[in-house]
Amino acid sequence: MADAKTQFESLRKWVVEHKLRTVGCLWLSGITGSIAYNWSRPNMKTSVKIIHARLHAQALTLAALTGAALVEYYDHKLSEKASEQQR
């Protein structure tokens, strides 16, 4: 269990240090996955496939930004608690 916590903490620390890279990677994977899924559907026009992929990636980006905000909030609260305990 302690090993899982250290993995979570190291992942959280990386996300805090590389917020934009994390959101960008999630956007890229979202648009790639959506295009791959939409291309397997032959009854749609190409323009509709691209629009759907963009919308899916946009939703995933909003979710990633929300997640980054939550990580930042958690990090801020954690640092506040640590400074209160030092007093």
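Select Lys19 to begin: this residue is partly exposed, with a relative accessible area of 29%, where buried means under 20%, exposed over 50% and partly exposed anything in between, computed with a 1.4 Å probe and protein chains only. The model is predicted, so local features need a pLDDT of at least 70 and side-chain atom pairs count only at 80 or more, while totals for chains, interfaces and linings use all residues. Residues are numbered from 1 along each chain as its sequence is written, and side-chain values use heavy atoms, with hydrogens and water left out.

Glu72 is partly exposed, at 34% relative accessibility. A search of the whole structure finds 1 salt bridge.

Next, move to Thr22, which is also found in helix H2 (residues 19-39). Is Thr22 buried or exposed? At 19% relative accessibility, Thr22 counts as buried. Show its neighbours as well: leaving aside residues up to four places away in sequence, Thr22 touches Trp14 and Val15, a contact being heavy atoms within 4.5 Å.

From there, go to Ile50 in helix H3, a residue that counts as partly exposed at 47% relative accessibility.

Now select Phe8, whose place is in helix H1 (residues 2-17) and which is partly exposed, with a relative accessible area of 47%. Together with Tyr74 and Leu78, Phe8 forms a nonpolar patch on the surface, with about 280 Å² of accessible area in total. Such patches are made of residues with over 30% relative accessible area and no salt bridge, like charges being joined within 9 Å and nonpolar side chains (Val, Leu, Ile, Met, Phe, Trp, Tyr) within 5 Å. The areas come from the Shrake-Rupley method with a 1.4 Å probe, and for residues only the protein chains shown count as cover.

Finally, clear the selection and view the whole chain, which has 3 helices and 0 strands; these are DSSP runs numbered from the N terminus, helices being H or I of at least four residues and strands E of at least two. The radius of gyration is 18 Å, well over the 12 Å that the globule rule gives for 87 residues, so the chain is more spread out than a compact globule; the radius is taken over C-alpha atoms, and the rule is 2.2 Å times the number of residues to the power 0.38. Along its principal axes, the C-alpha trace spans about 65 × 25 × 15 Å. Buried residues make up 18% of the 87 residues.

The chain has a mean of 82, and 97% of its residues reach 70 or more; confidence is lowest in H1, at a mean of 79, and highest in H2, at 84.

Notes: Salt bridge = Lys/Arg side-chain N within 4 Å of Asp/Glu carboxyl O. pLDDT = per-residue confidence, 0-100.
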